[in-house]
Amino acid sequence: GTYNVPAGTWSDDSSMTLATLDALRNGCDLEAIMRNFADWLYNRNYTPYGEVFDIGFTCRTAISNYVKSGNINTCGCGGEYENGNGSLMRILPACIYFCNEEVSGRSSVNEIIGNIHAVSALTHSHLRSMIACGLYYFLVKEIIVGSGSISERLQKGFNSGFHVSLDIFFYYATFTTRTFYAIKVDTVFTC
């Protein structure tokens, strides 16, 4: 392969998923997640062979920002060209964790989506990245607790997530100084 590693070797996405999962064992602690990401990048934990490879620019920059500043609220990258799929690739453990929070009644859907967005924003703070992770939450939730065929569950999850995503979109469009057309172009047509 590209990195000359054995077949089946996991890369950055799986390493960061493991780092997220490890942090979630004690609740959703964004600081713990970022510490684990830094531990992965700089100390090679959560890797199959003690080597970090295939890390994207946005993740590397966000982790470096966190190490330099210690600030989980500003470490993520939100620029147009820093908007990749890195947060989506590692969000599954958070989705499962928050599904349990919702089903048990400990958290509302609005709180959960805010938390999912916060986990995404640790590295990818662009609105599209956060909305993608929020939509994915609804898909995962329906697979876990929904009824019907897998296709029916996915459709229901997509429908629920789409409506929440539209609410976020319109909130963003309403409370920024940008025009609706600019928001629509940025959010919908450049995905």
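Mentor: In this predicted model, take the contacts between residues at least 6 apart in sequence: 64% join residues at least 24 apart.

Trainee: What is the secondary structure of the protein?

Mentor: Nine helices and zero strands. Along the sequence the pattern reads α-α-α-α-α-α-α-α-α.

Trainee: How many aromatic pairs are there?

Mentor: The count is four. One of them joins Tyr3 and Phe53, with 5.2 Å centre to centre and 45 degrees between the planes.

Trainee: Why is the pair of Tyr3 and Phe53 called tilted?

Mentor: Centres must lie within 6.5 Å, and 5.2 Å passes. Stacked needs under 30 degrees and edge-to-face over 60, so 45 degrees is tilted.

Trainee: What makes this a link between distant parts of the chain?

Mentor: Tyr3 sits in the segment before α1 (12–24), and Phe53 in the loop between α2 (30–43) and α3 (57–69). They are 50 residues apart.

Trainee: Is Phe53 buried or exposed, and how do you know?

Mentor: Buried means under 20% relative accessible area. Phe53 has 11%, so Phe53 is buried.

Trainee: Why does Tyr3 count as partly exposed?

Mentor: Tyr3 has 41% relative accessibility. Exposed means over 50% and buried under 20%, so Tyr3 falls in between.

Trainee: What makes Phe158 and Phe162 a stacked pair?

Mentor: Their centres are 5.9 Å apart, within 6.5 Å. Their planes stand at 20 degrees, under 30, so the pair is stacked.

Trainee: Where do Phe158 and Phe162 lie?

Mentor: In helix α8 (residues 150–174), four residues apart, so about one helical turn separates them. Phe158 is partly exposed at 36%, and Phe162 is partly exposed at 40%.

Notes. Residues numbered from 1 in each chain as written. Predicted model: local features only at pLDDT ≥ 70, side-chain atom pairs only at ≥ 80, totals over all residues. Heavy atoms only, no water. Helix = DSSP H or I, 4+ residues; strand = E, 2+ residues; numbered from the N terminus. Contact = heavy atoms within 4.5 Å. Phe/Tyr/Trp six-rings, centres within 6.5 Å; stacked < 30°, edge-to-face > 60°. Buried < 20%, exposed > 50% of the residue type's maximum accessible area, 1.4 Å probe, protein only.
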